[in-house]
Amino acid sequence: MLKQIAELIATPQFMFAVLVAIGVSATIITLALPLLEKDQLKTRMRSVAIERERIRMRERARLAAETKVSLRNEPKAYMRELVERFNLKNALADERTTERLRMAGLRGQAPITVFLFARFVLPIGIFVAAIFYFFVLAKMETPTGMRIAYSVVLAGIGLYLPNIWLQNTIQKRQVSIRQAWPDALDLTLICVESGMSIEAAFRKVAEEIGTSSIPLAEEMSLTCAELSYLQERRKAYENLALRTGLEPVKGVVTALIQAERYGTPLGQALRVLAQESRDTRMAEAEKKAAALPPKLTVPMIVFFLPVLFVVIMGPAMIQILKLN
């Protein structure tokens, strides 16, 4: 039995069928996950509250000139030891890596350690698995050099898998923030014109916008916390722009900084920026709607037209067969 299973695994056709099955399963899971996804608003807002408390502790420690301690979650010991031993921060990371992790909603020392650990371990693990498969399990007549080349290519793909995952996470987060940003600006404008301070406005908007975009509610809550505890308010606004990486947010941040520095009216600037954000969102929706007919051409030809021909020609073919 085990011998038959080993021979089956060593067959390239079987492995191709397994990969196809995995791809189909992943597609089904990807389509079904949004339907089964739970509301994560409470969890994300709880993490924001924890981050607020950490900011408070850090600022108190700075003002009291106490010894600097780590206020964030610590990574696993073996991951941290591996990263420090091979000095992976200098080899595989830079300031841009930390900024991208923050844009993905991953803050602290633990995410960057896990990210560097994955970039170091994945290529090695995939290379070893590929060597084992090509030289031990697979019954292939491919030359040895080609097998090693295939293994190196797979290892190179493994090196970039964490970057691909991080980029996808950033894009999903930015899409969520971009869609809810015009509504958040409208709510902020209403709060500011009603007499609220910008901190109270951000706090209120974060509570209301969480049903539409959890990442945006999280970022606004963090900005509100930083406005309360950072020494320079300008830095809190700039951090918001860096964490989101979106041009509409950068425009609002510029307006907020100018209002803080020169005392310019904030309500009028927010009204103009909110209108621009709504127009941009509408233009993107119209662009997607205009691109829909060309995208539907191939599915219509491949899936709809054959079925339509069968429905139309089916009764006639049945009658012809009966006459014969």
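**Figure 1. A first look at the whole chain.** A residue is called buried when its relative accessible area is under 20%, exposed when it is over 50%, and partly exposed in between (1.4 Å probe, protein chains only). This is a predicted model, in which local features need a pLDDT of at least 70 and side-chain atom pairs count only at pLDDT 80 or more, while totals for chains, interfaces and linings use all residues. Residues are numbered from 1 along each chain as its sequence is written, and side-chain values use heavy atoms, with hydrogens and water left out. The chain has 13 helices and zero strands (helices, H or I, are DSSP runs of at least four residues and strands, E, of at least two, numbered from the N terminus). Of its 324 residues, 31% are buried.

**Figure 2. How confident is the predictor?** Confidence is given by pLDDT, a score for each residue from 0 to 100. The chain averages 83, and 88% of the residues score at least 70. Residues 66-72 are a stretch to view with care, as the pLDDT there is below 50. Beyond near neighbours in sequence, these residues have 10 contacts in the model. Where pLDDT is low, the predicted coordinates should not be read in detail.

Figure 3. A pair of aromatic rings is described by the distance of the centres and the angle of the planes. Rings of Phe, Tyr and Trp (its six-membered ring) pair if their centres lie within 6.5 Å; planes under 30 degrees apart count as stacked, over 60 as edge-to-face, and the rest as tilted. Searching the whole structure gives four aromatic pairs. In the pair of F134 and Y150, the ring centres are 6.0 Å apart and the planes are at 55°, so this pair is tilted. Because F134 lies in helix α7 (residues 109-137) and Y150 in helix α8 (residues 144-193), their pairing ties together parts that are 16 residues apart in sequence. F134 is buried, at 11% relative accessibility, whereas Y150 is partly exposed, at 35%. Together with Y133, F134 and Y150 form one aromatic cluster. Look also for F135: R147 lies over the face of its ring, 5.5 Å from the ring centre (a charge sits over a ring if NZ of Lys or CZ of Arg is within 6 Å of the ring centre and within 35 degrees of the ring normal).

**Figure 4. Around the end of α4.** V83 belongs to helix α4 (residues 77-85) and is buried, with a relative accessible area of 4%. What does V83 touch, leaving aside its neighbours within four places in sequence? Its contacts are L88, K89, T113, L116 and F117. V83 and F117 are 34 residues apart in sequence, yet their C-alpha atoms are 6.5 Å apart in space. F86 sits in the loop between α4 and α5 (88-92) and is partly exposed, with a relative accessible area of 44%. F86 and F120 are also 34 residues apart along the chain, with 9.6 Å between their C-alpha atoms.

Figure 5. Helix α10 (residues 214-229) has 16 residues and spans 23 Å from its first C-alpha to its last, close to the 22 Å expected (1.5 Å times one less than the number of residues). Because 14 of its 16 residues are buried, α10 is largely enclosed by the rest of the structure. At the start of α10, a side-chain oxygen of S213 comes to within 3.3 Å of the backbone nitrogen of L216.

Figure 6. S176 lies in helix α8 and is buried, at 18% relative accessibility. Not counting residues up to four places away in sequence, S176 touches S212, S213 and P215. K172, also in helix α8, is exposed at 64% relative accessibility. T244, in helix α11 (residues 233-244), is buried, at 1% relative accessibility. Beyond residues up to four places away in sequence, T244 touches M103, Q174, I177, E219 and V249.

How values were computed. Polar contact = N/O pair within 3.5 Å; in protein donor to acceptor, adjacent residues only side chain to side chain. pLDDT = per-residue confidence, 0-100. Contact = heavy atoms within 4.5 Å.
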